[in-house]
Amino acid sequence: METRQRFADKIDWGLLFLLMLFFIVSAMGISSAQTSGQYGTNFVIRQAFWYVVGGIIIGGALFLDSDQYKRLAWYIYGAGIFLLLILLISPESIAPYRNGAKSWFMLGPLGSIQPSEFMKTFLILALARIITNHHELYPSKTVQTDFQLLVKIGVTTLLPLAFIMQQPDLGTSLVILAIMTGIILVSGITWKLIVPIYASIGVLGGIILSLVIWAPELLEKYLNVKPYQFGRIYAWLDPYNYAKLEGFHLINSLNAIGSGQIFGKGYSDGEVYIPENHTDFIFSVIGEEYGFIGASVVISLYFLLIYHLTKTALDTKEPFNAYVCAGIISMITFHVFQNIGMTIQLLPITGIPLPFISYGGSSLMGNMLALGLVFSMRFHHKTYMFSSEDS
């Protein structure tokens with residue numbers, strides 16, 4: 001009996017309860033999306049299956065503690081790079097193009113798997129180890145040592161980013177950059193380096209956006225940007241001039257969310273047609289059928305999740321765990337901000353799902369793996385990792 005109690009005390013029940021709530025919201029949203037009749041598959045059952053698989057992944061993550069994850073970080077990172085490399089050189093019978101991107105391995109009746117979804121968590125582990133080891137090697141910080149750390153982080157991030165951009169997968173590439181940025185901000189690197197670098201990136205981004213609008217032929221010639229990628233920017237800025245092409249999704253998403261008003265139209269009473277709305281545009285379904293109230297509940301759930309992860313990062317006594325949490329927080333926050341933002345015209349449309357709610361096996365398993373690391377932190381180190389008042 002005492003063993004069971006000790007085991008139960010090690011489980012992060014608050015995080016587990018949040019995952020249960022996300023599953024309920026996901027099942028309701030996907031079920032509503034299917035009423036449009038555009039699918040011949042029950043994606044709710046499939047999503048439930050992937051949640052079970054995700055639970056198994058979390059259970060497997062508990063077998064290792066943070067010291068073991070730290071020791072294995074480079075091996076895990078290397079395995080992820082290897083999968084991305086194999087993906088690019090595999091024939092289309094194994095890794096076909098979907099929507100212009102070669103991002104998935106086909107697994108026959110099991111569907112497909114997207115290695116980049118797991119690479120995000122693998123990268124977080126590698127960056128956390130880099131920063132921890134660097135601070136142990138250089139306990140006295142200088143601008144020179146901070147610059148060395150910045151270069152290490154940049155090179156480690158650049159390798160998977162290069163493979164993912166070759167697919168090409170703009171959405172996941174942006175997530176990788178968001179993870180790197182979040183970890184840099186908490187790594188202790190002086191702002192004397194961070195501000196000039198990111199200010200320069202901001203200026204460069206503004207120049208590129210200007211070129212997209214006024215001189216797209218230069219980007220096509222020198223950066224090999226595809227015409228359809230320009231269409232996404234144009235449709236974002238003025239969707240009604242591209243209503244039959246790139247602007248179709250955005251216009252219908254705005255109509256769906258706006259028509260939901262305060263309380264929504266009710267479960268399965270959605271009227272606005274949005275292709276693939278059970279994946280990247282699941283928030284549009286929630287906004288239409290459950291209105292402002294339902295959308296606010298979803299956003300509140302993410303707030304509680306980020307708060308929980310932030311509290312874990314602040315409470316931990318191990319720097320490696322804190323950096324892992326920071327990476328996971330950056331990843332999830334960017335996913336949520338980008339996905340919801342693109343449905344309401346705040347940001348351009350990219351293929352980024354809404355974490356734990358959008359349908360997708362690879363995305364869900366990748367996010368579950370990330371949270372499995374957090375469950376492992378609590379499971380193995382709660383007695384001395386957290387302060388006594390939080391135990």
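**Notebook: a tryptophan, a helix and some salt bridges**

I started with Trp236, which touches Leu250, Gln345, Leu346, Leu347 and Pro348 once residues up to four places away in sequence are left out. A reminder to myself: this is a predicted model.

Where does Trp236 sit? I found Trp236 in helix α10, which covers residues 227–237. I then looked up the C-alpha atoms of Trp236 and Pro348: they are separated by 5.2 Å, although the two residues are 112 apart along the chain. Is Trp236 buried or exposed? Its relative accessibility is 18%, so Trp236 counts as buried, given that buried means under 20%.

**Helix α8**

Next I checked the span of α8, residues 191–214. This helix has 24 residues and reaches 34 Å from its first C-alpha to its last, close to the 34 Å expected at 1.5 Å a residue. I also noted that Leu193, Ile194 and Val212 in α8 are buried.

**Salt bridges**

How many salt bridges does a search of the whole structure find? I got seven, and I wrote up some of them here.

I took Lys120 and Glu117 to begin with: their side chains meet in a salt bridge, 2.8 Å from N to O. Both residues belong to helix α5 (residues 115–137), and because they are three residues apart there, about one helical turn separates them. I jotted down the helix rule alongside: with 3.6 residues a turn, residues three or four places apart point the same way. Lys120 counts as buried at 1% relative accessibility, and Glu117 is buried too, with a relative accessible area of 5%.

Lys311 and Asp315 are four residues apart in α12, so about one helical turn lies between them. Here I read Lys311 as partly exposed, with a relative accessible area of 30%, whereas Asp315 counts as buried at 13%.

Which residues do salt bridges with shared partners join into one network? I listed Lys265, Glu271 and Glu288.

Glu288 counts as buried at 3% relative accessibility, and Lys265 counts as partly exposed at 25%.

Key:
Residues are numbered from 1 along each chain as its sequence is written. This is a predicted model: local features need pLDDT of at least 70, side-chain atom pairs count only at pLDDT 80 or more; totals for chains, interfaces and linings use all residues. Side-chain values use heavy atoms; hydrogens and water are left out. Helices (H or I, at least four residues) and strands (E, at least two) are DSSP runs, numbered from the N terminus. The expected span of a helix is 1.5 Å times one less than its number of residues. Buried means under 20% relative accessible area, exposed over 50%, partly exposed in between (1.4 Å probe, protein chains only). Contact means heavy atoms within 4.5 Å. A salt bridge is a side-chain nitrogen of Lys or Arg within 4 Å of a carboxyl oxygen of Asp or Glu.
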